[in-house]
Amino acid sequence: MSAAAGDNQCEVVLVGCGLPKRGMGWYHAVQMIKKKCPSAKLCFIVEPWFLGGGATSPAGEEFAVFAKETEEKEGIKFCKSMDELPPVAEGKKRLALISGRTADNPALLTKCIEGKCSTIYLEKPGAPTVAELEKMRDEAKAAGVAVLMGYNKNVCKYVSKAREYAAANEGSHVTFVSNNAYENTPESLGECFERNREGMLKNMAIHELALLVSFFDVTVESIEKCEADKEFSSCQTLKGPSGADFTDFDKIKFTITTKSGKSVSVSADRCGGDVSWAKVDINGEEVFRHSMPDEEDKANVEVLQKEYPGAMPYFFSQDPDYITVKERVASFCANGTEATGIATIDIAVETLRVAEYLTPTLREQLLG
């Protein structure tokens, strides 16, 4: 038995799965296997590292168990590279979901285009640099391939509710607060800094920057000023597992004011816990807050924690939004339905431009 797309479904190739309970790609796979995205049929998983150079490591052996079980139970074909994929099934469209290491994405996108994928779902930030992402955008455009981004916070309930409240109340100032639950130790943060070596603004806080670009008219050219909250923020140099030094923010808070007079704030903390939120202030007083997960989501989180003990906590709190983004992209690919609210690669390019502009600006304000 081989997995095959049914009516109104596209065949999905997941590129870059990562380890069970650790990799974002793995969680994408779990959601599609559980049929949470009706327009998406996961048919292939391409995992270059754990089926290649990392196959004999303990982690590679763990991945092999997952691959064998999934292939036998679901008929999903596991491949080491895109070159091993069969032709696209007749009458079907192929969607590539790229969830590998950011540095590998430019080469993976080229392979996905060669593999006749008509739509590509690209995980944030898309590429390590603006120049690389612009090249990817142009390459896809020339091939007639649509590239949509995994900026799931663009469709988040807490974001839309805060934006709606701010729009209805004059003098509102919105702050987006993003938290992760890393241990506040040099070892834990050093591992985090090395694994996410593109830096916090291109990694964890890139979602918030995408919100600013998508909904607050923020571009590099529109920024009048950016001010760091020095009391809250922290920038450290720590050793990663390789022994090399990595400098990054472990927490950062800043306010951007645009030339048109709009202002918006972002706060991100690697060790801030499992809850993120958006709040609205008027005249310095908090008048509205909506959190993720909210009460409705918490029940879902508890179910998922029991189902996948030990998995990354943020998978569960953002579970409904990952489903929404995948389904909208898959339906666009399979049925031509408009992917409402989903960030395009053009939004991603501007978001990365803003990240590259802000990183040295904020570091200078903190470190002098």
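Ala, Val, Leu, Ile, Met, Phe, Trp, Tyr, Cys and Pro count here as nonpolar, Asp, Glu, Lys and Arg as charged, and the others, Gly among them, as polar. On that scheme, the lining of the second largest pocket has 7 nonpolar, 1 polar and 6 charged residues. The structure is a predicted model, in which local features need pLDDT of at least 70 and side-chain atom pairs count only at pLDDT 80 or more, while totals for chains, interfaces and linings use all residues. Residues are numbered from 1 along each chain as its sequence is written, and side-chain values use heavy atoms, with hydrogens and water left out.

The second largest pocket holds about 330 Å³ of space. A pocket is an open set of points on a 1 Å grid over the protein atoms alone, where a 1.4 Å probe fits, with protein on both sides within 12 Å along at least five of seven lines; lining residues have an atom within 4 Å of a point. Grid points are joined across faces, edges and corners, and the volume is the space filled by probe spheres set on them. Of the 14 lining residues, Trp-26, Val-30, Phe-66, Glu-69 and Thr-70 are the closest to the pocket centre. Helix 1 (24–33) and helix 2 (58–74) are the elements that each give two or more residues to this lining, and helix 2 supplies the largest share, 7 residues.

Turning to the fold as a whole, the protein chain contains 11 helices and 13 strands, taken as DSSP runs (helices H or I, at least four residues; strands E, at least two) and numbered from the N terminus. Its C-alpha trace spans about 60 × 45 × 45 Å along the principal axes. Buried residues (under 20% relative accessible area with a 1.4 Å probe, protein chains only; exposed is over 50%, partly exposed in between) make up 52% of the 368 residues. Of the contacts (heavy atoms within 4.5 Å) with a separation of 6 or more, 76% join residues 24 or more positions apart.

Asp-217, with a positive phi near 60°, follows helix 7.

Glu-183, by contrast, is exposed, with a relative accessible area of 57%. Glu-183 lies in the loop between strand 7 (172–179) and helix 6 (186–195) and touches Ser-188, Leu-189 and Cys-271, not counting residues up to four places away in sequence.
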